[in-house]
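Dear colleague,

Please find the structure below, handed over for your use. My findings follow directly after it.

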Amino acid sequence: MSDDVHRGLEGVLVAESELSYIDGDAGKLGYRGYSIEDLAREASYEEVVYLLWHGELPTAEELESFCTWTAATRALDDELLGEVEKLAAADEVPMAALRTVVSSLSAYDGDADHADVTDLDANLRKACRITAKIPTALAAFERFRNGEEAVAPREDLSHAANFLYMLNGEVPDEVLAETFDMALVLHADHGLNASTFSAMVTASTLSDLHSAVTSAIGTLSGSLHGGANANVMRMLKEVDESDTDPRTWVEEALAEGRRVPGFGHRVYNVKDPRAKILGAKSKELAETAGDSRWYDYSTTIEEYIAAEKGLAPNVDFYSASTYYQMGIPIDAYTPIFAMSRVAGWIAHVLEQYEDNRLIRPRARYVGDTDLPFPPLEER
Ligand SMILES: CC(=O)SCCNC(=O)CCNC(=O)[C@H](O)C(C)(C)COP(=O)(O)OP(=O)(O)OC[C@H]1O[C@@H](n2cnc3c(N)ncnc32)[C@H](O)[C@@H]1OP(=O)(O)O
Ligand SMILES: O=C([O-])CC(=O)C(=O)O
C-alpha cells in the first residue's frame, strides 16, 4: 500500500467508465464515443440522456416512447409544490432548495422503497422521474420567489422548451429552445468531476439513487465547481458597472489573490471544447441582439488571462453570457447545470451499482498518538 498522498485525488484512477472520454491536452470530449461537437449540433438532450443511461443512441421509436414517458412524469405532487413555495418564501438559495426538493422526491416515488437499490429497471424509472421533475421544481421556485404562480408543465414540449415555458410562462421561440437544449447537451456528463464522484461515493455504500443525486447537488453548488457559472456573470456585471477596462478589473482581482471564475480546470490544459461551442453561441446571440457587450468583456478577459496566467476558459465561462442573453436569472445558472448533469450523475451511479465496491480512501495520519488522557478537571 503506497503512502503517497494525492491531494485532491489529482490524476488518480478509481474506476473504469464507458461514459465520457476526455483528452485534457487535446481539448476533446465525447459521450460514449460520440464527439461533443456532433452531439451539440445533432442530438437533443433527451437523446443524450438515453445514450448515457442505455449505452446506445435510441431508435426513433425508442426515443418517442422515452420522451412520452418522461414528459408524462413532469408534474410535481401538489404537496411537494407547496414545499417549493415555502422554500421560496423562506428565501432559500436555489441550489439548496433544489437539494431539498430532490431529497423529498423519494417520498412520492413508488419505486423509492424497492428492496434492491441496485435494481436497474426500478432505477431507470426513478431516474426518469427525477430528471423530469427537476425542471418543474426549479421553474416553480423561480416564479414563487418573484411572487408569481407556478406554470404547470406541458407534455407536448421538449425538455428544454418546457423548462423555458414553465420559467417564463410563454413557449420559447425555436432559437431559444435550441440554444438551451444545446446547453443541456453540453453539461450532461463530464467523467469523474467532483459532483459525479460524490454521487458514486454515496451509491458505493449501497445507498439509493435519490441520496446519490442529493449528494451530487450539494457538491455541484460550490464556487470551484458548478457555482462558477453564476460567479462569471456576477463578474461581468461588476466589470460593466465599474466602468473600467475588463483587463484592469481582472488585473486587480488577480493582484488581490482572487480566482477568476470560469478559468482553469483539473483535466483540461487547453480551452474546454464546451467553452468553444458556448462562446460561438454567445457571439451569435450578441450579434442578433445588436449588443456585444457581454461577449466582448468575455473575450477581452479570456485574452488577458491567457497571456498573464496561461489559463483557458472552462465550460462555465461562456455559459454565463449565453444564459444572460437568453434572459435567464443569474442564480438559476447553477441549478440549470444540475438539471442537465443529473443525467450523468445517474449514468455513473448505474455503472457503480453494476460493479460495486465501497469507495473508501485513506488519509495519512499526522496527528498526535499515545497521549495520556487528562481528567476533565485538569484541562
Ligand atoms: C464545471 C466545472 O466545475 S469547471 C471549474 C469551475 N470552477 C471555476 O471556474 C473556479 C475557478 N477555477 C479554479 O479555482 C481552478 O482552476 C479549479 C478549481 C477549477 C481547478 O483547480 P486545481 O486543478 O486544483 O488547480 P489549482 O487550484 O491547484 O490551481 C493551479 C494554479 O493555477 C491557479 N489558478 C487556477 N485557476 C485559477 C483561476 N480561475 N484564477 C486564478 N488563478 C487560478 C492557482 O492559483 C494555482 O496557482 P499557484 O500554483 O501559483 O498557486
Ligand atoms: O470535470 C470537472 O472537474 C469539472 C467540469 O468541467 C464538469 O463537471 O463539467
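His-265 sits in the loop that joins α12 (246–255) to α13 (273–289); helices here are DSSP runs of H or I with at least four residues, numbered from the N terminus. The model is a predicted one, in which local features need pLDDT of at least 70 and side-chain atom pairs count only at pLDDT 80 or more, while totals for chains, interfaces and linings use all residues. Residues are numbered from 1 along each chain as its sequence is written, and chains are lettered from A and ligands numbered from 1 in the order in which they are written.

**The annotated site**

The unreviewed UniProt entry places the feature "active site" at His-265 and Asp-316; such annotations may be inferred rather than shown by experiment. These residues span 52 residues in sequence, yet no two of their C-alpha atoms are more than 10.5 Å apart, so they gather at one spot.

His-265 is buried, with 20 other C-beta atoms within 10 Å. The term buried applies at 20 or more such atoms, exposed at 12 or fewer, and partly exposed in between, with C-beta atoms placed from the backbone. Leaving aside neighbours within four places in sequence, His-265 is in contact with Asp-272 and Asn-314 (contact: C-beta atoms, placed from the backbone, within 7 Å).

Asp-316 belongs to helix α15 (residues 315–325) and is likewise buried, having 29 C-beta neighbours inside 10 Å. Beyond four places in sequence, the contacts of Asp-316 are Ala-228, Asn-229, Val-232, Pro-261 and Gly-262.

**Ligand 1**

Ligand 1 is surrounded by 19 residues, the closest being Ala-228, Arg-259, Phe-263, Gly-264 and Arg-266 (a residue is near a molecule if its C-beta atom, placed from the backbone, lies within 6 Å of it). This shell comprises seven nonpolar, eight polar and four charged residues. Asp, Glu, Lys and Arg count as charged, Ala, Val, Leu, Ile, Met, Phe, Trp, Tyr, Cys and Pro as nonpolar, and the others, Gly among them, as polar.

**Helix α12**

Which residues of α12 are buried? They are Pro-246, Trp-249 and Val-250. They cover an arc of only 90° around the axis, which puts them on the same side of α12; the arc is that of the directions from the helix axis to the C-beta atoms. Thr-248, Glu-252 and Ala-255, on the other side of α12, are exposed. The buried residues of α12 pack against α11 (228–242) and α14 (293–309). After α12 comes Gly-257, with a positive phi near 80°.

Yours sincerely

Technical notes
Helices (H or I, at least four residues) and strands (E, at least two) are DSSP runs, numbered from the N terminus. Two residues are in contact if their C-beta atoms, placed from the backbone, lie within 7 Å.
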